[in-house]
Amino acid sequence: MSKKKNNTGIPDFELESLARMLLPKIQEMFKDEQVQKEFEKWKAEREANKLKK
């Protein structure tokens with residue numbers, strides 16, 4: 001996987017620090033079965049909208 005260029009104006013070290021802080025919280029959230037179901041529903045809706053275009 002190639003690394004995408006950061007064109008946000010936010011220094012890489014700050015983005016990486018934020019990602020390190022958020023990732024464990026996101027992983028914990030996705031352990032919830034309801035969150036997983038909602039995410040799957042969102043993905044299906046997104047795919048359906050892509051096919052309409």
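Modeller: One term first: a residue is buried under 20% relative accessible area, exposed over 50%, and partly exposed in between (1.4 Å probe, protein chains only). This is a predicted model: local features need pLDDT of at least 70, side-chain atom pairs count only at pLDDT 80 or more, and totals for chains, interfaces and linings use all residues. Residues are numbered from 1 along each chain as its sequence is written, and side-chain values use heavy atoms, with hydrogens and water left out.

Colleague: What percentage of the 53 residues in the protein chain is buried?

Modeller: Start with the surface. Areas come from the Shrake-Rupley method with a 1.4 Å probe; for residues, only the protein chains shown count as cover. The protein chain has an accessible surface of about 5,500 Å², and 58% of that belongs to carbon and sulfur atoms. Among its 53 residues, the buried share is 2%.

Colleague: How many helices and strands are there in the protein chain?

Modeller: Both are DSSP runs, numbered from the N terminus: helices are H or I with at least four residues, strands E with at least two. Helix α1 covers residues 12-29, and helix α2 covers residues 33-52. The count for the protein chain is two helices and zero strands.

Colleague: What is the radius of gyration of the protein chain?

Modeller: The radius is taken over C-alpha atoms, and the globule rule is 2.2 Å times the number of residues to the power 0.38. Along its principal axes, the C-alpha trace spans about 35 × 30 × 20 Å. The globule rule gives 10 Å for 53 residues, and the chain is well over that, so it is more spread out than a compact globule: its radius of gyration is 16 Å.

Colleague: Which residues is L15 in contact with, beyond its neighbours within four places in sequence?

Modeller: L15 sits in helix α1 and is partly exposed, at 30% relative accessible area. L15 and F39 are 24 residues apart in sequence, and their C-alpha atoms are 24 Å apart in space. Contact means heavy atoms within 4.5 Å. Past its neighbours within four places, L15 touches N6, T8 and I10.

Colleague: Which residues make the nonpolar surface patch?

Modeller: Patch residues have over 30% relative accessible area and no salt bridge; like charges are joined within 9 Å, nonpolar side chains (Val, Leu, Ile, Met, Phe, Trp, Tyr) within 5 Å. I26, in helix α1, is partly exposed at 41%. The patch has an area of about 450 Å², and its members are L18, M21, L22, I26 and M29.

Colleague: How many salt bridges are there?

Modeller: The rule asks for a side-chain nitrogen of Lys or Arg within 4 Å of a carboxyl oxygen of Asp or Glu. E28 pairs with K31, closest N and O atoms 3.5 Å apart; K31 is exposed, at 62%. E33 pairs with K37, also with a closest N and O separation of 3.5 Å. E40 pairs with K43 at 3.4 Å, and the salt-bridge count is three.

Colleague: Is E33 buried or exposed?

Modeller: E33 and K37 both lie in helix α2, four residues apart, about one turn of the helix. K37 is partly exposed, at 49%. E33 has 55% relative accessibility, so it counts as exposed.

Colleague: Which helix holds E40 and K43?

Modeller: E40 is partly exposed at 43%, and K43 is partly exposed at 37%. They are three residues apart, about one turn, and both lie in helix α2.

Colleague: Which residues do the ring pairs link into a cluster?

Modeller: Rings of Phe, Tyr and Trp (its six-membered ring) pair if their centres lie within 6.5 Å; planes under 30 degrees apart are stacked, over 60 edge-to-face, the rest tilted. There are two aromatic pairs. F30 and F39 have ring centres 5.3 Å apart and planes at 90°, so that pair is edge-to-face; F39 and W42 have centres 5.7 Å apart and planes at 20°, so that pair is stacked. The linked residues are F30, F39 and W42.

Colleague: What is the relative accessibility of W42?

Modeller: F39 and W42 both lie in helix α2, three residues apart, about one turn of the helix. F30 is partly exposed at 28%, and F39 is partly exposed at 31%. W42 also counts as partly exposed, at 43%.
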